[in-house]
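Hello,

I'm passing a structure over to you, with some notes on its charged side chains below. Please have a look at it first and then read on.

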Amino acid sequence: MTPLPDLLLEPLVRAALAEDLGPWGDVTTRAVIPAGTACRACLAAREAGVVSGMQVAAMAFRLIEPALRLTLHRPDGSRCAAGEVLMEIEGDAAAILTAERVALNFAGRLSGIATLTAAFVTETRGTATRITCTRKTTPGLRIVEKLAVLHGGGFSHRFGLSDAMLIKDNHIAAAGGIRPALSAARAAASHMMRIEIEVDRLEQLAEVLEQGGADVVLLDNMDTATLTEAVRMVADRLVTEASGNMGLSRIAEVAATGVDYISSGALTHSARTLDLGLDF
């Protein structure tokens, strides 16, 4: 997939570098590495997975020293085996050492998300169900974590509160019920704004279908039999999304119900960092 413009990602990387450098910079490297020392380093995978964060890692190195020469061997979205070199970095040793931890933090975290997403997607093979993330992301890192989901073969849910309406159970309670909540949402929505509403019982789903006004229905915390019946009731009139405790072990059976999407916060809040290292 086409990389995002660096302009969108650079503020995150600059903030991470500033956090790591602190007020005095890399005091260890300044003290230990003679000025002008050149080296070659390899950013390598210690285990198999799906690569993400190479664009961000490269940015970390280049923000410290634009003259570094970077060679990308495994682009974002590609699979890697244990021991494979993902990127080579050549040039000033002090610059490479200073950027190392920030580059690895981003690349390991994002590759972990991409790898877990790919595992979820594998469980949906043979169905039309798509895997999507949620807003359960690390504050400040949503754009790169959602990008990692795309690298793993998943899809993005709404990015934030402003790009789609999602009427959840607390909205319904505060608005006085499904009907007034849907009516108010439809009256406020422009022709470009999609509306999704959450239900956790079939009686609520029946009310949504009778009322109209929604584009998507979120089927929350339903068992497999109930999900199957919900998909039958919707009969392609709305996009269906299954959500709530969607762990990897359950994805195949949920996809078999015929839901259009399965959303899982675990993709971003519970992914294990992929083990990557920088070798000189």
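Which side chain does E84 meet in a salt bridge? The partner is R74, with N and O 2.2 Å apart. By salt bridge I mean a side-chain nitrogen of Lys or Arg within 4 Å of a carboxyl oxygen of Asp or Glu. E84 sits in the loop between β4 (79–80) and β5 (85–92), while R74 is in the loop between β3 (69–72) and β4, so this contact ties together parts that are 10 residues apart in sequence. Both ends are partly exposed: E84 has a relative accessible area of 22%, and R74 comes out at 26%. For these classes, buried is under 20% relative accessible area, exposed is over 50%, and partly exposed is in between (1.4 Å probe, protein chains only).

A word on where the values come from. This is a predicted model, in which local features need pLDDT of at least 70 and side-chain atom pairs count only at pLDDT 80 or more, while totals for chains, interfaces and linings use all residues. Residues are numbered from 1 along each chain as its sequence is written, and side-chain values use heavy atoms, leaving out hydrogens and water.

How many salt bridges does the structure hold? The count is 14, and here are some others from that set.

R109 and E145 form one through their side chains, at 3.2 Å from N to O. This pair links distant parts of the chain, 36 residues apart, with R109 in helix α4 (residues 93–122) and E145 in helix α5 (residues 142–151). E145 is buried, at a relative accessible area of 0%. There is also a network: R179, E207 and E210 are joined into one by salt bridges that share partners. Helices and strands here are DSSP runs (helices H or I, at least four residues; strands E, at least two), numbered from the N terminus.

Within helix α1 (residues 6–21), R14 pairs with E10. Their closest N and O atoms are 2.8 Å apart. Because the two are four residues apart in that helix, about one helical turn separates them. R14 is partly exposed at 47% relative accessibility, and E10 is partly exposed too, at 26%.

T28 counts as exposed, at 52% relative accessibility. Between T28 and T98 there are 70 residues of sequence separation, and their C-alpha atoms are 9.2 Å apart in space.
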